[in-house]
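Please keep the model in view while reading.

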Amino acid sequence: MGRIILALGLVIVAVLAVATVSHGGGERLGEGALVWDQKPRVYRNPALPNDRVLRGVVRNDSLRIMSLTARDLDVRGAGGGELESAAVFAPTFIRGVFPENRGSDIPESEQLRIGLRARIEPGKAVPITVSWRERGGRAARVDYGTGSLPIGGA
Amino acid sequence: MKTTRLLTALAALTLVSAIGATCAYGHAERLSYYPNHKLGSVPKYKRSGPSLVVCKADSGSRIRRQLSGVAKRRNLALLRRCGFHDIQAAVNAAHSDMRILVLPGVYREEPSRRVAEPAEACSGDYQEYQDPHFEGVGTVRVPNFEYQRKCPNAQNLIAVIGDGPDKDRRCDHRCNLQIEGTGTKPGQVLIDGSRKKLNVIRADRADGIHLRNFTVQFSDFNNIYVLETNGFRMENIVSRWSREYGFLSFTSDNGLYRKLTAYGSGDSGIYPGSGPEGHCKRYGIEVDRVDSYGNNIGWSGTAGNGIYTHDSKFHGNSAGITTDSFAGGHPGMPQDCSKWERNEIYSNNLDLFNEQRDQYCFEKNRPIQERDPKVVCPAFPVPVGTGLLIAGGNRNIIRNNRVWGNWRAGVMQFWVPSSFRGTDPTGQSKNSGPAYEAQTDTSNGNRMLGNVMGMTPRGVRAPNGVDFWWDEEGHRNCWSANRAGAGTAITSDPLKLPGCPGSAVHHDINPAKLAALAPCGTWDPQDDVLQDPPGCDWFTAPRKPR
């Protein structure tokens, strides 16, 4: 059953990706190797009116493995200014097993497990959650160093 | 197919391909295995039998000052038999089934403190395992059992190591030991770790261990640590200001936590983690009349399976109780089959995540010895103001408890996808194989029955932020016969909760709720922004609800 769901998921991803391209009228999926695999959605927590949370799926559209650190992702406004933000390659709350009150670094393999890092094979996709504080300006894109993902219209 | 399922499938695809083995335990432990529960039992209290007596130079004056009557006479008689000044020395001299009687005094175990960690004599006794998928990134090197056996005081102030060099993982010597303070109150025997060792007391494959009637403080990790032990009992003990855990058991069975007081822990007061795998046919560990407060979490247990917790109090923590299926490497995943009954779970609004605390706890380069050990520094992110949290758990029963004054939620439940747990290299978890793809194997079949919400035992209204919060995911989850105070109704999010036995049809997650949860996983106390990640409201104590 799990394999069927996975297979269906992949088929639908493919269909959605095509649909987004064909119906989006040229809507950009991303500039660079990383693209939205499907249109992300932005949510607002009523308790935090200035904050926004984007949930989506990103795909490695390049021919090389991409290694990303969630902390290196920046959310920028239309003018390029950086907003306070957080990112994780996970669809829900996940925490690690290493206590964070000891001042030691989290091992890289653990960071990969809990979505603080991602290692994306060519053509593969991972879930991502990005959140930011909108103070004065709206978020326009998620910058990951070698490219960016558009937020506008999400 | 809804977006959520799509994300689920993608998460599975990505992680199953990326994660082949678990990196480590949170408490940096060797790969651990459950004992055969049929071969053990909860130890009974021994009032007689062979014993060794431990005292300090001032035990006599303490006895005369603190005790009276029969207790005074008994302790003075024992004082004449005193043969040891350190508990570890008595443990080393003990044989199976003996009692170690500890007279009033403060035990700092100076000889143990002088043992270096890492221990040069045990430099070859490590277990190393590697995740081939991460090309060397995932290498873990932890002391193995031989390390503990041959260098017992490298990591532990007091070590009861029961197994020998054989491969059976069963106790061979110093089994069924009873270590007991002889005062009339736990505070009269104080075992002080001074943050010198990871564990103040370690019982490792120490089947039948019984610890009783003392106070233990200031470990660098666990005040009391019970590992791979078949039959254990901790009774009438006060644990305070452990850097991480007060009382912790792991891959152990036939256990009893009774009349314990736990406060001031950076993670949790009690932690029955990787609990017995009874799969709802039995409870292997009982938690009875525990009072856990002033911790980051009162009761926590990753893979906290098969635990029966009753008649206990969890209050004044950041979160009262959490059980989860988050962590990699914990045998017994996913969490299942625990029961909480007749407990009082209240006022868990302790704000350990405010700016002042962040600054104190997480200022870089401040050595632990320069911090006040009585200041609790939280080890993990929790939703401040929550009574009981099931974060990936199945077939638990929450029945006839009183839950009030938790300003975020009385009970919260949400899903944890199995792929994020990683695989269990010991093969003792459901998702041990790389082909395991059941992303929705939590949270299902949890029943919340007959709880009294938002009202104190005296009948005073003390609302929870919301009585029940659920991310709406899972099947066979149900809520029945819960009641609120006079003139009020149960509050919940979603507004309507399924009654028991619940629907067999799997509910999808509410994506807006997922969006509220996910950013909280980015909490980083050493980062100015991520101390309170955008989009996450967990780390501010909610306002008192009206």
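Of the 546 residues in chain B, 64% are buried, where buried means under 20% relative accessible area, with a 1.4 Å probe and protein chains only. This is a predicted model, in which local features need pLDDT of at least 70, side-chain atom pairs count only at pLDDT 80 or more, and totals for chains, interfaces and linings use all residues. Residues are numbered from 1 along each chain as its sequence is written, chains are lettered from A and ligands numbered from 1 in the order in which they are written, and side-chain values use heavy atoms, with hydrogens and water left out.

Chain B contains 8 helices and 34 strands, taken as DSSP runs numbered from the N terminus (helices H or I, at least four residues; strands E, at least two). Along the principal axes, the C-alpha atoms of chain B fill a box of roughly 75 × 60 × 50 Å. Among contacts in chain B (heavy atoms within 4.5 Å) between residues at least 6 apart in sequence, 70% join residues at least 24 apart.

Two packed helices are described by the angle between their axes and the distance between the axes. Helix H2 (residues 59-66) of chain B packs against helix H3 (residues 69-80) of chain B at an angle of about 170°, their axes being 9 Å apart. H2(B) and H3(B) are therefore roughly antiparallel to each other, a term for angles over 145 degrees. To this contact H2(B) contributes Ser59(B), Gly60(B), Ile63(B) and Arg64(B), while H3(B) contributes Lys72(B), Asn75(B), Leu76(B) and Leu79(B).

Notes. Axes are lines fitted to C-alpha atoms, for helices over the stretch in contact, and angles run from 0 to 180 degrees between N-to-C directions. Angles under 35 degrees count as roughly parallel, over 145 as roughly antiparallel, 65 to 115 as roughly perpendicular and the rest as oblique. Buried means under 20% relative accessible area, exposed over 50%, partly exposed in between (1.4 Å probe, protein chains only).
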